[in-house]
Amino acid sequence: MRVAIIGSGASGIAAAYYLKQAGFADFTLFEKSDDLGGTWRDNRYPGVACDVPSHLYRFTFAPNAEWTRRCSPGAEIQAYMRDVAKQIGAFEKIAFNHEVTKVQFADGGWEVETSKGPYGHFDAVISASGALHHPKMPNIDGIESFLGRSCHSAQWDDATDLTGKRVGVIGSGSTGTQITATLADHVQSLTLFQRTAQWIMPLPNYPIAEEKRQEYRDDPAKMDGYYHYLAGRFNEVFGDAVSGHNPEAYEHMAEACEENLRTSVTDPELRAKLTPDYAVGCKRLVLSDSFYEAIQRPNATLETGAISKVEQNGVRMEDGSLHELDYLIYATGFHAHSLCHPMHIAGRDGRVLAEEWADGNYAYRSVAVPGFPNWFMIGGPNSPIGNFSYLMTAEHQAKYVVSLIKEASISGTVEPKPDVTDAYNAELREAMNGTIWVSGCDSWYFDKQGRVASYPWSFSRFAEEMQTPNLADFHIRP
Ligand code: NAP
């Protein structure tokens, strides 16, 4: 089997590892940029870190005793991704600066075309091209008229020095809060433009002492034990609390967020502005132990009024006031539902994936779509997202996809049956009805059709579903 993997972020690396494990060594990872790492390559804003503890946010096949903090900084994670890709022999298989533009089903396989022209024929394709990947700019008038410097959080210029500058941050999600918590200390003034308040769970981010690292180097089994402990805490307690499968843990979590706000923010007026008007967990939880402290610094301002427009010198509010700024950061999130965009993916019988998904992305168990034989996805529609370790999700899906590729290597092509796929999606939509995500807030989980693109069941159910493909759910053709 010759396999094309689209993307060399965490999902692509996981796919490469499990392909090799199964004896499929003939694969190419296509990477549009000149470096791997996906989200960790793109996101280099001040304070970028993973809010899933590092000893959990790592591949099961690449334990790492060297993490320096409980939640390590983005650059460290990016270095880890690069090391792992080298260790598993994936690095040399990356075609850098090859953006896949077109993938066409032909002769029982796929013709792959990149920004550099036709590349070749593959027996199977694994799309690992990421979800939080296309920066979303806000629809605010006058953005282009700003005379200071500005950027989207995922397009950070490493040469930027904000010392002594008047900085504005638009957006108070996980990104905006990390930027605020880090920058407030270094800049002349920081104004956070918050449209909607966020619930914030305290997660102390302490350094990992050298002795602890040595302990893990000396005793990898101990480090593994810690991984499994964290997985249990995050998936069965925290993740299941959010997805509605552990009400008791949910109560604890909600109380922890409420108490964090109550005890950390002293000024009642500021506290009121920071108090969300929706249930804990409706939007993706922000985890931070430093945001509340930062926003209470004398040089920090929380602006909760409505933005009228961006002007040459700053941000004009609806009430007529102007925040004069030197630098404006758009921490306004991503087009989270533009999966596989803008590739032209043409399947069997003239089907085009973008057209199939015109009324919303869907898939069979997130990994495959009827009409697209031997086309697979990691991080596809309704993958578990939110506060889980995405690496766990990616590994489960990669193993499952490789099992299907094994079947294809014996039989020809595999593709999910339409009726089974429809039934799965109907069940998924039904299950979404009772979740916290539809309890009365707006978030990036909603697609254009107003449907939540998350996974409504427990993580253990997801892991169970990903154990072994039920081949009766697939058309298998020579
Ligand atoms: P986000 O959660 O989508 O937040 C975007 C923010 O921008 C929101 O506060 C939103 O306000 C605001 N916004 C958007 N358009 C606006 C407008 N026109 N005017 C004013 N405000 C506007 O994006 P994100 O913070 O980049 O995070 C996205 C996801 O990335 C996270 O949920 C998480 O999954 C991942 N992430 C993870 C980490 C980590 O540590 N693991 C760190 C960063 C990001 P509203 O709430 O009112 O819409």
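How many disulfides does a search of the whole structure find? The search finds one, where a disulfide is a pair of cysteine sulfur atoms within 2.5 Å.

1. Basis of the values. This is a predicted model, in which local features need pLDDT of at least 70 and side-chain atom pairs count only at pLDDT 80 or more, while totals for chains, interfaces and linings use all residues. Residues are numbered from 1 along each chain as its sequence is written, and side-chain values use heavy atoms, with hydrogens and water left out.

2. The disulfide. Cys282 is joined to Cys441, with an S to S distance of 2.1 Å, and the torsion about the S-S bond is about -100°, so the disulfide is left-handed. Cys282 lies in the loop between α8 (268-273) and β12 (286-287), and Cys441 in the loop between α12 (418-432) and α13 (459-465), so the pair ties together parts that are 159 residues apart in sequence. Helices (H or I, at least four residues) and strands (E, at least two) are DSSP runs, numbered from the N terminus. Both Cys282 and Cys441 are buried, a term that means under 20% relative accessible area, with exposed over 50% and partly exposed in between (1.4 Å probe, protein chains only).

3. Other cysteines. The sulfur of Cys257 has its closest cysteine sulfur in Cys282, at 13 Å, which is too far for a bond. Cys257 counts as buried at 0% relative accessibility, and Cys151 counts as buried at 10%.

4. A polar side-chain atom of Arg195 is 2.9 Å from a ligand oxygen, a polar side-chain atom of Arg284 is 3.0 Å from a ligand oxygen, and a polar backbone atom of Ser174 is 3.1 Å from a ligand oxygen.

5. Domains. The assignment gives domain 1 (3-134 + 335-477) and domain 2 (143-206 + 216-330), with bounds that come from an automatic or database domain assignment. Their C-alpha centres lie 27 Å apart, and the contact (heavy atoms within 4.5 Å) takes 39 residues from domain 1 and 41 residues from domain 2.

6. Nonpolar cores. A nonpolar core is a set of buried Ala, Val, Leu, Ile, Met, Phe, Trp, Tyr and Cys residues joined through side-chain atoms within 4.5 Å. The largest has 112 residues, and Phe59 and Met81 have the most contacts inside it; its largest share, nine residues, comes from helix α11 (residues 390-411). Domain 1 and domain 2 both give residues to this core, so it lies between them. Apart from this core lies another, of 23 residues, including Phe30 and Trp357. Beyond residues up to four places away in sequence, Met81 touches a set of residues including Trp40, Tyr57, Phe59 and Leu391.

7. His134. This residue is in the loop between β7 (124-127) and β8 (149-152), and at 16% relative accessibility His134 counts as buried. A polar atom of the His134 side chain lies 3.1 Å from the backbone oxygen of His341. Leaving aside neighbours within four places in sequence, the contacts of His134 include Phe334, His335 and Pro342.

How values were computed
Polar contact = N/O pair within 3.5 Å; in protein donor to acceptor, adjacent residues only side chain to side chain.
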